[in-house]
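Subject: Structure handover

Hello,

Please find the structure below. My notes on what was found in it follow.

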Amino acid sequence: MESIASYDFTGKRALVRVDFNVPLNKETFEVTDDTRIRAALPTINHILENGGSVVLCSHLGRPKEGPEDRFSLRHILPAVERLLGKPVKFAADCIGSAALHMSANLKPGEVLLLENVRFYKQETAGTESFAEQLSKHGDVYVNDAFGTAHRAHASTTVVANYFPNDKMFGFLLEAEIKSVDRVLNSTEKPLTAIVGGAKVSSKITIIERLLDKVDHLIVGGGMAYTFVKAMGGEVGNSLVEDEFLSIAKDIIAKAKAKGVDLYIPTDTIVADKFDNNASTQLVAIGSIPSGWMGLDVGPETIKACAEIIESSKLILWNGPMGVFEMSNFQTGTVEIANAIVRATAKGAFSLIGGGDSVAAINQFGLADQVSYVSTGGGAMLEYLEGIELPGIKAIRS
Ligand code: AMP
(Lines give C-alpha, C1' and ligand atoms only; values in the text may rest on other atoms or scores of the structure.)
Protein backbone atom coordinates (compact mmCIF):
# COMPACT_ATOMS: atom_id res chain seq x y z
CA MET A 1 0.00 0.00 0.00
CA GLU A 2 1.27 3.47 -0.90
CA SER A 3 1.72 6.11 1.78
CA ILE A 4 0.98 9.78 1.18
CA ALA A 5 4.18 10.86 2.93
CA SER A 6 6.45 8.93 0.55
CA TYR A 7 4.47 8.98 -2.71
CA ASP A 8 5.94 11.05 -5.54
CA PHE A 9 3.21 13.47 -6.65
CA THR A 10 5.40 15.25 -9.21
CA GLY A 11 3.28 16.07 -12.27
CA LYS A 12 0.38 13.94 -10.98
CA ARG A 13 -3.27 14.90 -10.63
CA ALA A 14 -4.57 13.64 -7.30
CA LEU A 15 -8.29 12.91 -6.98
CA VAL A 16 -8.83 13.59 -3.28
CA ARG A 17 -12.06 12.48 -1.58
CA VAL A 18 -12.56 14.93 1.25
CA ASP A 19 -15.42 15.41 3.70
CA PHE A 20 -16.54 18.96 2.98
CA ASN A 21 -20.03 18.26 4.28
CA VAL A 22 -19.93 21.46 6.32
CA PRO A 23 -22.81 23.41 7.88
CA LEU A 24 -23.98 26.47 5.89
CA ASN A 25 -25.94 29.52 6.96
CA LYS A 26 -29.46 28.91 5.59
CA GLU A 27 -29.84 32.45 4.17
CA THR A 28 -26.36 33.47 3.03
CA PHE A 29 -24.98 29.95 2.40
CA GLU A 30 -21.75 30.90 4.17
CA VAL A 31 -19.80 28.16 5.92
CA THR A 32 -20.60 28.38 9.66
CA ASP A 33 -18.05 25.79 10.84
CA ASP A 34 -14.97 25.19 8.69
CA THR A 35 -13.43 22.45 10.89
CA ARG A 36 -13.75 19.79 8.18
CA ILE A 37 -12.13 21.97 5.54
CA ARG A 38 -9.23 22.82 7.85
CA ALA A 39 -8.83 19.12 8.66
CA ALA A 40 -8.13 18.36 4.98
CA LEU A 41 -5.49 21.08 4.52
CA PRO A 42 -2.42 19.00 5.46
CA THR A 43 -3.23 16.48 2.70
CA ILE A 44 -4.02 19.10 0.05
CA ASN A 45 -0.98 21.26 0.86
CA HIS A 46 1.34 18.25 0.92
CA ILE A 47 0.30 17.19 -2.60
CA LEU A 48 0.64 20.75 -3.93
CA GLU A 49 4.03 21.27 -2.27
CA ASN A 50 5.25 18.01 -3.81
CA GLY A 51 4.56 18.92 -7.41
CA GLY A 52 1.02 17.63 -7.82
CA SER A 53 -2.36 19.17 -8.58
CA VAL A 54 -5.52 18.42 -6.60
CA VAL A 55 -9.06 17.57 -7.70
CA LEU A 56 -11.33 17.80 -4.64
CA CYS A 57 -14.39 15.62 -4.52
CA SER A 58 -17.03 15.64 -1.75
CA HIS A 59 -20.68 15.41 -0.90
CA LEU A 60 -22.71 18.11 0.83
CA GLY A 61 -25.98 17.36 2.59
CA ARG A 62 -28.51 14.86 1.35
CA PRO A 63 -29.90 16.01 -2.00
CA LYS A 64 -32.83 13.80 -3.00
CA GLU A 65 -33.49 14.17 -6.70
CA GLY A 66 -30.47 15.53 -8.56
CA PRO A 67 -28.92 18.97 -8.20
CA GLU A 68 -30.30 21.42 -5.62
CA ASP A 69 -28.68 24.83 -5.28
CA ARG A 70 -28.68 24.77 -1.46
CA PHE A 71 -26.44 21.70 -1.61
CA SER A 72 -24.03 23.12 -4.19
CA LEU A 73 -20.36 22.99 -3.21
CA ARG A 74 -20.00 26.30 -5.04
CA HIS A 75 -21.11 27.90 -1.74
CA ILE A 76 -18.01 26.69 0.06
CA LEU A 77 -15.53 27.82 -2.63
CA PRO A 78 -14.69 31.16 -0.87
CA ALA A 79 -13.95 29.31 2.39
CA VAL A 80 -11.72 26.75 0.63
CA GLU A 81 -9.84 29.53 -1.19
CA ARG A 82 -9.39 31.53 2.02
CA LEU A 83 -8.07 28.53 3.98
CA LEU A 84 -5.78 27.35 1.19
CA GLY A 85 -4.63 30.89 0.47
CA LYS A 86 -4.98 30.45 -3.31
CA PRO A 87 -7.62 30.50 -6.05
CA VAL A 88 -9.55 27.29 -6.53
CA LYS A 89 -11.30 26.36 -9.79
CA PHE A 90 -14.85 25.01 -9.68
CA ALA A 91 -16.44 22.45 -11.98
CA ALA A 92 -20.23 22.79 -12.04
CA ASP A 93 -20.57 19.01 -12.45
CA CYS A 94 -18.52 16.21 -10.93
CA ILE A 95 -18.46 14.16 -14.14
CA GLY A 96 -18.90 14.93 -17.84
CA SER A 97 -16.70 16.42 -20.52
CA ALA A 98 -16.54 20.00 -19.16
CA ALA A 99 -15.37 18.82 -15.73
CA LEU A 100 -12.91 16.36 -17.30
CA HIS A 101 -11.53 19.11 -19.49
CA MET A 102 -10.86 21.21 -16.38
CA SER A 103 -9.10 18.43 -14.47
CA ALA A 104 -7.10 17.36 -17.53
CA ASN A 105 -5.73 20.89 -17.86
CA LEU A 106 -4.75 21.39 -14.22
CA LYS A 107 -1.15 22.48 -13.74
CA PRO A 108 1.02 21.45 -10.79
CA GLY A 109 0.05 23.55 -7.75
CA GLU A 110 -3.52 24.10 -8.97
CA VAL A 111 -6.73 23.00 -7.25
CA LEU A 112 -10.13 22.12 -8.71
CA LEU A 113 -13.27 21.56 -6.64
CA LEU A 114 -15.90 19.29 -8.21
CA GLU A 115 -19.64 19.78 -7.68
CA ASN A 116 -21.46 17.63 -5.10
CA VAL A 117 -21.11 13.91 -5.98
CA ARG A 118 -24.49 13.20 -4.38
CA PHE A 119 -26.22 15.10 -7.19
CA TYR A 120 -26.01 11.66 -8.81
CA LYS A 121 -27.90 8.75 -7.29
CA GLN A 122 -25.09 6.54 -8.59
CA GLU A 123 -22.84 7.95 -5.84
CA THR A 124 -24.67 6.36 -2.90
CA ALA A 125 -25.57 3.33 -5.03
CA GLY A 126 -21.85 2.78 -5.59
CA THR A 127 -22.36 2.41 -9.36
CA GLU A 128 -19.24 1.17 -11.18
CA SER A 129 -19.67 3.28 -14.32
CA PHE A 130 -20.08 6.46 -12.27
CA ALA A 131 -17.00 5.61 -10.18
CA GLU A 132 -15.08 4.98 -13.39
CA GLN A 133 -16.00 8.45 -14.69
CA LEU A 134 -14.86 10.02 -11.44
CA SER A 135 -11.61 8.09 -11.60
CA LYS A 136 -10.70 9.85 -14.86
CA HIS A 137 -10.04 13.06 -12.89
CA GLY A 138 -6.91 11.67 -11.29
CA ASP A 139 -3.68 9.74 -11.82
CA VAL A 140 -3.77 8.87 -8.14
CA TYR A 141 -6.61 8.53 -5.58
CA VAL A 142 -6.35 9.79 -2.03
CA ASN A 143 -9.13 9.11 0.48
CA ASP A 144 -9.14 11.62 3.33
CA ALA A 145 -12.82 11.37 4.27
CA PHE A 146 -13.08 9.34 7.46
CA GLY A 147 -16.65 10.56 8.06
CA THR A 148 -17.85 8.59 5.02
CA ALA A 149 -15.42 5.65 5.19
CA HIS A 150 -18.24 3.41 6.46
CA ARG A 151 -20.17 3.93 3.23
CA ALA A 152 -19.57 1.80 0.14
CA HIS A 153 -20.25 4.77 -2.12
CA ALA A 154 -18.75 5.38 -5.55
CA SER A 155 -16.37 8.19 -4.50
CA THR A 156 -15.41 6.69 -1.12
CA THR A 157 -14.92 3.05 -2.05
CA VAL A 158 -15.66 1.86 -5.60
CA VAL A 159 -13.44 4.47 -7.29
CA ALA A 160 -10.37 3.02 -5.53
CA ASN A 161 -10.64 -0.06 -7.81
CA TYR A 162 -9.56 2.09 -10.75
CA PHE A 163 -6.26 2.90 -9.05
CA PRO A 164 -4.83 -0.57 -8.32
CA ASN A 165 -1.40 0.79 -7.44
CA ASP A 166 -1.90 4.50 -6.92
CA LYS A 167 -4.31 4.75 -3.99
CA MET A 168 -3.68 5.81 -0.42
CA PHE A 169 -5.10 7.37 2.73
CA GLY A 170 -4.76 11.10 3.32
CA PHE A 171 -3.17 12.35 6.53
CA LEU A 172 -6.51 12.82 8.29
CA LEU A 173 -7.75 9.32 7.59
CA GLU A 174 -4.33 7.90 8.50
CA ALA A 175 -4.42 9.72 11.85
CA GLU A 176 -7.96 8.52 12.61
CA ILE A 177 -7.03 4.91 11.96
CA LYS A 178 -3.82 5.20 13.97
CA SER A 179 -5.54 6.70 16.99
CA VAL A 180 -8.34 4.11 17.19
CA ASP A 181 -5.87 1.28 16.60
CA ARG A 182 -3.69 2.66 19.37
CA VAL A 183 -6.60 2.44 21.79
CA LEU A 184 -7.93 -0.92 20.63
CA ASN A 185 -4.67 -2.78 19.99
CA SER A 186 -2.15 -1.32 22.37
CA THR A 187 -0.74 -3.16 25.36
CA GLU A 188 -0.51 0.05 27.41
CA LYS A 189 -2.56 -0.23 30.61
CA PRO A 190 -4.88 0.59 32.21
CA LEU A 191 -7.30 1.22 29.38
CA THR A 192 -10.52 2.94 30.34
CA ALA A 193 -13.55 3.36 28.11
CA ILE A 194 -16.33 5.76 29.03
CA VAL A 195 -19.49 4.97 27.12
CA GLY A 196 -22.43 7.31 27.61
CA GLY A 197 -25.20 8.75 25.50
CA ALA A 198 -28.86 8.04 25.26
CA LYS A 199 -29.42 4.36 24.67
CA VAL A 200 -27.96 0.94 25.39
CA SER A 201 -29.38 -0.29 22.10
CA SER A 202 -27.11 1.93 19.98
CA LYS A 203 -23.97 1.13 21.99
CA ILE A 204 -24.41 -2.54 22.75
CA THR A 205 -22.05 -3.86 20.06
CA ILE A 206 -19.34 -1.41 21.09
CA ILE A 207 -19.69 -2.29 24.75
CA GLU A 208 -19.47 -6.02 24.03
CA ARG A 209 -16.34 -5.51 21.92
CA LEU A 210 -14.75 -3.25 24.51
CA LEU A 211 -15.24 -5.87 27.23
CA ASP A 212 -12.47 -7.87 25.55
CA LYS A 213 -10.08 -4.92 25.56
CA VAL A 214 -10.58 -2.61 28.52
CA ASP A 215 -9.60 -2.68 32.18
CA HIS A 216 -12.30 -0.18 33.22
CA LEU A 217 -15.64 0.44 31.57
CA ILE A 218 -17.60 3.44 32.79
CA VAL A 219 -21.24 3.52 31.75
CA GLY A 220 -22.91 6.94 31.81
CA GLY A 221 -25.68 9.03 30.32
CA GLY A 222 -29.22 7.83 29.73
CA MET A 223 -28.17 4.22 29.20
CA ALA A 224 -26.94 3.92 32.80
CA TYR A 225 -30.55 3.77 34.04
CA THR A 226 -31.23 0.55 32.14
CA PHE A 227 -28.29 -0.99 34.01
CA VAL A 228 -29.54 0.39 37.34
CA LYS A 229 -33.02 -1.03 36.73
CA ALA A 230 -31.50 -4.36 35.71
CA MET A 231 -29.79 -4.46 39.11
CA GLY A 232 -33.13 -3.93 40.85
CA GLY A 233 -32.95 -0.15 41.34
CA GLU A 234 -35.84 2.32 41.17
CA VAL A 235 -35.33 4.66 38.22
CA GLY A 236 -38.58 6.67 38.18
CA ASN A 237 -39.19 8.28 34.80
CA SER A 238 -35.57 8.01 33.64
CA LEU A 239 -34.81 6.82 30.13
CA VAL A 240 -34.98 3.02 30.21
CA GLU A 241 -35.05 0.38 27.49
CA ASP A 242 -36.96 -2.45 29.14
CA GLU A 243 -36.20 -4.82 26.28
CA PHE A 244 -32.50 -4.42 27.10
CA LEU A 245 -32.70 -5.28 30.80
CA SER A 246 -31.52 -8.85 30.28
CA ILE A 247 -28.73 -7.69 27.97
CA ALA A 248 -27.61 -5.21 30.64
CA LYS A 249 -27.55 -8.08 33.18
CA ASP A 250 -25.55 -10.12 30.69
CA ILE A 251 -23.00 -7.33 30.30
CA ILE A 252 -22.63 -7.04 34.07
CA ALA A 253 -21.98 -10.81 34.27
CA LYS A 254 -19.60 -10.81 31.30
CA ALA A 255 -17.60 -7.91 32.74
CA LYS A 256 -17.20 -9.85 35.97
CA ALA A 257 -16.14 -13.00 34.14
CA LYS A 258 -13.59 -11.10 32.07
CA GLY A 259 -12.19 -9.19 35.03
CA VAL A 260 -13.34 -5.83 33.68
CA ASP A 261 -14.08 -3.22 36.31
CA LEU A 262 -17.54 -2.07 35.22
CA TYR A 263 -18.47 1.22 36.84
CA ILE A 264 -22.13 2.20 36.96
CA PRO A 265 -22.99 5.64 38.44
CA THR A 266 -24.05 5.69 42.09
CA ASP A 267 -25.72 9.10 42.37
CA THR A 268 -27.72 11.24 39.99
CA ILE A 269 -29.29 14.65 39.55
CA VAL A 270 -32.97 14.09 38.95
CA ALA A 271 -35.50 16.51 37.50
CA ASP A 272 -39.30 16.62 37.63
CA LYS A 273 -39.44 17.26 33.89
CA PHE A 274 -37.15 17.20 30.81
CA ASP A 275 -36.42 20.91 30.99
CA ASN A 276 -33.43 23.04 31.93
CA ASN A 277 -35.58 24.93 34.44
CA ALA A 278 -37.07 21.83 36.07
CA SER A 279 -36.88 21.35 39.86
CA THR A 280 -33.92 19.12 40.73
CA GLN A 281 -32.55 17.03 43.56
CA LEU A 282 -29.56 14.79 44.15
CA VAL A 283 -30.41 11.17 44.94
CA ALA A 284 -28.85 7.70 44.99
CA ILE A 285 -29.19 6.34 41.48
CA GLY A 286 -31.17 3.26 42.54
CA SER A 287 -33.67 5.29 44.60
CA ILE A 288 -35.14 7.75 42.13
CA PRO A 289 -38.54 8.96 43.36
CA SER A 290 -41.44 8.18 41.07
CA GLY A 291 -42.20 11.01 38.64
CA TRP A 292 -38.52 12.12 38.58
CA MET A 293 -35.93 11.40 35.92
CA GLY A 294 -32.12 11.25 36.04
CA LEU A 295 -30.57 13.81 33.69
CA ASP A 296 -26.98 13.96 34.98
CA VAL A 297 -24.60 12.08 37.24
CA GLY A 298 -23.91 13.32 40.77
CA PRO A 299 -20.71 14.42 42.60
CA GLU A 300 -19.92 10.96 44.06
CA THR A 301 -19.96 9.45 40.55
CA ILE A 302 -17.90 12.30 39.14
CA LYS A 303 -15.24 11.81 41.85
CA ALA A 304 -15.07 8.05 41.35
CA CYS A 305 -14.89 8.35 37.54
CA ALA A 306 -12.24 11.09 37.74
CA GLU A 307 -10.05 8.80 39.87
CA ILE A 308 -10.37 5.94 37.39
CA ILE A 309 -9.71 8.22 34.42
CA GLU A 310 -6.72 9.94 35.99
CA SER A 311 -5.04 6.64 36.76
CA SER A 312 -5.46 5.43 33.13
CA LYS A 313 -2.89 5.33 30.34
CA LEU A 314 -5.38 5.00 27.48
CA ILE A 315 -8.80 6.59 27.47
CA LEU A 316 -11.66 6.26 25.00
CA TRP A 317 -14.70 8.48 25.46
CA ASN A 318 -17.91 8.00 23.53
CA GLY A 319 -21.17 9.62 24.60
CA PRO A 320 -22.03 12.25 27.22
CA MET A 321 -22.71 11.54 30.92
CA GLY A 322 -25.94 13.52 31.00
CA VAL A 323 -28.10 15.91 29.00
CA PHE A 324 -25.17 18.27 28.46
CA GLU A 325 -27.11 20.38 25.96
CA MET A 326 -28.97 21.84 28.98
CA SER A 327 -26.71 23.99 31.18
CA ASN A 328 -28.14 22.65 34.45
CA PHE A 329 -27.33 19.06 33.49
CA GLN A 330 -23.89 19.43 31.96
CA THR A 331 -21.69 19.20 35.08
CA GLY A 332 -21.11 15.44 34.81
CA THR A 333 -20.03 15.70 31.18
CA VAL A 334 -17.87 18.80 31.84
CA GLU A 335 -16.14 17.11 34.78
CA ILE A 336 -15.46 13.89 32.86
CA ALA A 337 -13.95 16.04 30.09
CA ASN A 338 -11.82 17.86 32.68
CA ALA A 339 -10.62 14.56 34.16
CA ILE A 340 -9.64 13.38 30.66
CA VAL A 341 -7.76 16.64 30.12
CA ARG A 342 -5.87 16.15 33.42
CA ALA A 343 -5.04 12.53 32.53
CA THR A 344 -3.79 13.66 29.11
CA ALA A 345 -1.57 16.30 30.73
CA LYS A 346 -0.06 13.48 32.82
CA GLY A 347 0.81 11.52 29.68
CA ALA A 348 -2.26 9.41 28.90
CA PHE A 349 -3.47 9.01 25.31
CA SER A 350 -7.10 10.12 25.06
CA LEU A 351 -9.40 9.56 22.11
CA ILE A 352 -12.77 11.29 21.92
CA GLY A 353 -14.88 9.52 19.35
CA GLY A 354 -18.51 9.56 18.33
CA GLY A 355 -20.85 12.47 17.69
CA ASP A 356 -22.03 13.86 20.99
CA SER A 357 -18.90 13.59 23.10
CA VAL A 358 -17.08 15.37 20.26
CA ALA A 359 -19.77 18.09 20.31
CA ALA A 360 -19.39 18.31 24.11
CA ILE A 361 -15.59 18.62 24.14
CA ASN A 362 -15.80 21.29 21.44
CA GLN A 363 -18.55 23.14 23.32
CA PHE A 364 -16.40 23.19 26.48
CA GLY A 365 -13.37 24.47 24.52
CA LEU A 366 -11.21 21.50 25.56
CA ALA A 367 -10.62 19.83 22.18
CA ASP A 368 -6.99 20.94 22.00
CA GLN A 369 -6.23 19.47 25.44
CA VAL A 370 -6.99 15.84 24.62
CA SER A 371 -4.89 13.61 22.36
CA TYR A 372 -7.29 13.09 19.48
CA VAL A 373 -10.83 14.18 18.60
CA SER A 374 -12.30 12.07 15.84
CA THR A 375 -14.03 13.73 12.90
CA GLY A 376 -16.04 10.69 11.91
CA GLY A 377 -19.16 10.06 14.00
CA GLY A 378 -20.83 7.01 12.48
CA ALA A 379 -17.59 5.80 10.91
CA MET A 380 -15.82 5.89 14.26
CA LEU A 381 -18.63 3.94 15.92
CA GLU A 382 -18.53 1.23 13.25
CA TYR A 383 -14.74 1.04 13.47
CA LEU A 384 -15.01 0.63 17.25
CA GLU A 385 -17.60 -2.09 16.73
CA GLY A 386 -14.96 -3.99 14.78
CA ILE A 387 -16.50 -3.55 11.34
CA GLU A 388 -14.01 -3.31 8.49
CA LEU A 389 -15.00 0.00 6.89
CA PRO A 390 -15.45 -0.31 3.10
CA GLY A 391 -13.52 2.91 2.41
CA ILE A 392 -10.54 1.62 4.38
CA LYS A 393 -10.72 -1.89 2.91
CA ALA A 394 -10.77 -0.48 -0.64
CA ILE A 395 -7.43 1.26 -0.07
CA ARG A 396 -5.82 -1.66 1.74
CA SER A 397 -6.84 -4.38 -0.72
P1 AMP B 1 -25.78 9.30 21.79
O2 AMP B 1 -26.04 9.94 20.46
O3 AMP B 1 -26.36 7.94 21.95
O4 AMP B 1 -24.35 9.39 22.20
O5 AMP B 1 -26.62 10.15 22.84
C6 AMP B 1 -26.38 11.49 23.10
C7 AMP B 1 -27.58 12.08 23.72
O8 AMP B 1 -27.87 11.43 24.94
C9 AMP B 1 -27.41 13.54 24.07
O10 AMP B 1 -28.26 14.30 23.27
C11 AMP B 1 -27.81 13.63 25.53
O12 AMP B 1 -28.63 14.72 25.82
C13 AMP B 1 -28.55 12.34 25.76
N14 AMP B 1 -28.54 11.94 27.17
C15 AMP B 1 -27.48 11.83 27.97
N16 AMP B 1 -27.86 11.52 29.22
C17 AMP B 1 -29.20 11.43 29.21
C18 AMP B 1 -30.17 11.15 30.21
N19 AMP B 1 -29.82 10.91 31.46
N20 AMP B 1 -31.48 11.14 29.85
C21 AMP B 1 -31.83 11.40 28.56
N22 AMP B 1 -30.95 11.66 27.57
C23 AMP B 1 -29.66 11.68 27.89
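Axes here are lines fitted to C-alpha atoms, for helices over the stretch in contact, and angles run from 0 to 180 degrees between N-to-C directions. Please keep in mind that this is a predicted model.

First, a pair of helices. Helix α7 covers residues 200–210 and helix α9 covers residues 245–258; their axes come within 11 Å and cross at roughly 15 degrees. Angles under 35 degrees count as roughly parallel, and α7 and α9 are therefore roughly parallel to each other. The crossing of α7 past α9 is left-handed. On the α7 side, the contact is made by Ile204, Ile207 and Glu208, and α9 contributes Ile247, Ile251 and Lys254. Sorted by class, the contact of α7 with α9 has 4 nonpolar and 2 charged residues, and no polar ones.

Next, the sheet. Its 6 strands form an open sheet with parallel pairing, in the order β3-β4-β2-β1-β5-β6. β3 (89–91) and β6 (167–169) are the edge strands, each pairing on one side only. From one strand to the next, the twist averages 25 degrees.

Opposite Lys89 stands Leu112 in β4.

A helix also packs on this sheet: α3 (residues 97–104) touches β1 (13–17), β2 (53–57), β3 and β4. The direction of α3 makes about 155 degrees with that of β3.

Regards

Note on methods: Residues are numbered from 1 along each chain as its sequence is written. This is a predicted model: local features need pLDDT of at least 70, side-chain atom pairs count only at pLDDT 80 or more; totals for chains, interfaces and linings use all residues. Side-chain values use heavy atoms; hydrogens and water are left out. Helices (H or I, at least four residues) and strands (E, at least two) are DSSP runs, numbered from the N terminus. Angles under 35 degrees count as roughly parallel, over 145 as roughly antiparallel, 65 to 115 as roughly perpendicular and the rest as oblique. A crossing is left-handed if the near helix is turned anticlockwise from the far one by less than a right angle, and right-handed if clockwise. Contact means heavy atoms within 4.5 Å. Ala, Val, Leu, Ile, Met, Phe, Trp, Tyr, Cys and Pro count as nonpolar, Asp, Glu, Lys and Arg as charged, and the others, Gly among them, as polar. Two strands pair if DSSP finds at least two bridges between them.
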